[in-house]
Amino acid sequence: MQDDRFERLAAHRRVIVCAGAGGVGKTTIAAALSLSAARRGRRVLCLTIDPARRLADSLGLSLRPGVEAEVSPELLAGFGGAPAGSLSVAMLDPKQTFDDLVTRNASSAAVAQRILQNQFYRHVSTQLAGTQSYMAMEKVLGLLKSSRYDLIVLDTPPTSEALDFLDAPERLVETLDSPAMRWLVQALEPSGGLSMRLLARGVAALLRTMGRLTGRGFLEDMAAFVGELNELFGGFKQRASEVSRAFRAPEFAYLLVAAPSAAAVEEARFFAERLRKLGMSADALVLNRVHPEQNDAPARGELAGLVAARGLTIDATHLLAAQADEAARARTEAPELAKARHLFPAERLWLVPVMAGDVRGLADLAKVSRALLG
Ligand SMILES: Nc1ncnc2c1ncn2[C@@H]1O[C@H](COP(=O)(O)OP(=O)(O)OP(=O)(O)O)[C@@H](O)[C@H]1O
Ligand SMILES: [Mg+2]
């Protein structure tokens, strides 16, 4: 099993995190890995953040936020799904996840209701940067507890900054537990006795970072929410660091997905470095949509012959132009591949070629997973 990429990645893992910038193929790679896991007899859930509707449609699933949908066992069996394996897909519902967390942890139904109806809570649970990533992490931890799945493949939100995902809980806490916020909570306590004029001056900076929301009711809601949240989680800060710590456990694998472009490879390098500083490591760098070198491209005459032999009415000139374009892309990518090879040892650098069209349905996913896992 030593040379089996999948086993090396997943043997002792319960979660595989697919991280990377926007549009590089995280959802596709997460789905392809999930299919591989189901084919090997694992009960797997692919948790995605974006709607990925076309992919879901092509798997015969209608995805609704927060609802787990299973690919039909018959369909899966047709693609080599092991009898014990199953493939489910769910789309994260950050607000629902946050609501569940509040309901589960509140000391009473009344406290839960108060928080859920708080307008600042509604802002935090839907708008605040990092909430989506943080809730994805909470959702994964909740699913792990349920033991319904052997493996969870998490397709993370696109990160504009390489470190965004791992730092999401801390960043959220930094916002909610900033000195300005603590001051605000104190000031708004009934005995605080500060005038709104003073208060407004003190929180002006904070409000600028929170958006365009103002007004006394909102400020009071904010203070009430922070106070109650702290009580809920025995300190929100502690909760966030617990979640972060859980994601640093050895049963979590990290796959960095990147395009074979200079910026993407650089970002992957940052992420890998960040993981290393946390005492973790990136299990593999997946370079997706690589244009293969065109060493054995047919010449014009040969191509015209092939087209004619298949009874096609395509102009060979167009085919040659497309081929030249592919070759040019392969040449542009070559230095980036070389850089990636320098950064990652061969067994941890996985190349997935660009497919002929969009990746849809199990047949396409199977092709991607073959390329991915060898
Ligand atoms: N190897 C590939 N060959 C061809 N098309 C691909 C490949 N990988 C992904 N795609 C296509 O590229 C598009 C983007 O892929 P995907 O949705 O997986 O990216 P993403 O990183 O999840 O994007 P986002 O950050 O927006 O969520 C999709 O249409 C997908 O079908
Ligand atoms: Mg996606």
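Below is a short chat about the sheet and the nonpolar cores of a predicted model.

Q: What order do the strands of the open sheet take?
A: The order is β3-β4-β2-β5-β1-β6-β7-β8, which makes 8 strands, and the pairing is mixed.

Q: Which ones are the edge strands?
A: β3 (68-70) and β8 (349-353), each of which pairs on one side only.

Q: And how are neighbouring strands turned against each other on average?
A: By 20°, with direction ignored.

Q: How many bridges join β5 to β2, and how do they run?
A: There are 4 bridges, and the two strands run parallel. Within that pairing, Val153 in β5 stands opposite Cys46.

Q: What about β1 and β5, parallel or antiparallel?
A: Parallel, over 4 bridges. Ile152 in β5 is the bridge partner of Val15.

Q: Then β2 and β4: how many bridges there?
A: Strand β2 (residues 43-48) pairs with strand β4 (residues 86-91) over 6 bridges, in the parallel sense. Thr48 has Met91 of β4 opposite.

Q: Which strands does helix α14 touch when it packs on the sheet?
A: Helix α14 (residues 262-277) touches β1 (15-19), β6 (252-258) and β7 (284-290). The helix direction makes about 160° with that of β6.

Q: Changing topic. Which residues touch the most other members of the largest nonpolar core?
A: Val140, Phe225, Phe236, Phe247, Phe252, Leu285 and Leu287, out of 66 residues in that core.

Q: Which helix gives the largest share of this core?
A: Helix α8 (residues 131-146), with 8 residues.

Q: What does Phe247 touch, not counting residues up to four places away in sequence?
A: The contacts of Phe247 are Val17, Met137, Val140, Leu141, Leu154, Phe165, Phe252, Tyr254 and Met280.

Q: How many residues are in the second, separate core?
A: That core has 42 residues, among them Ala37, Val257, Leu362 and Leu365.

Methods:
Residues are numbered from 1 along each chain as its sequence is written. Chains are lettered from A and ligands numbered from 1 in the order in which they are written. This is a predicted model: local features need pLDDT of at least 70, side-chain atom pairs count only at pLDDT 80 or more; totals for chains, interfaces and linings use all residues. Side-chain values use heavy atoms; hydrogens and water are left out. Two strands pair if DSSP finds at least two bridges between them. Axes are lines fitted to C-alpha atoms, for helices over the stretch in contact, and angles run from 0 to 180 degrees between N-to-C directions. Contact means heavy atoms within 4.5 Å. A nonpolar core is a set of buried Ala, Val, Leu, Ile, Met, Phe, Trp, Tyr and Cys residues joined through side-chain atoms within 4.5 Å. Buried means under 20% relative accessible area, exposed over 50%, partly exposed in between (1.4 Å probe, protein chains only).
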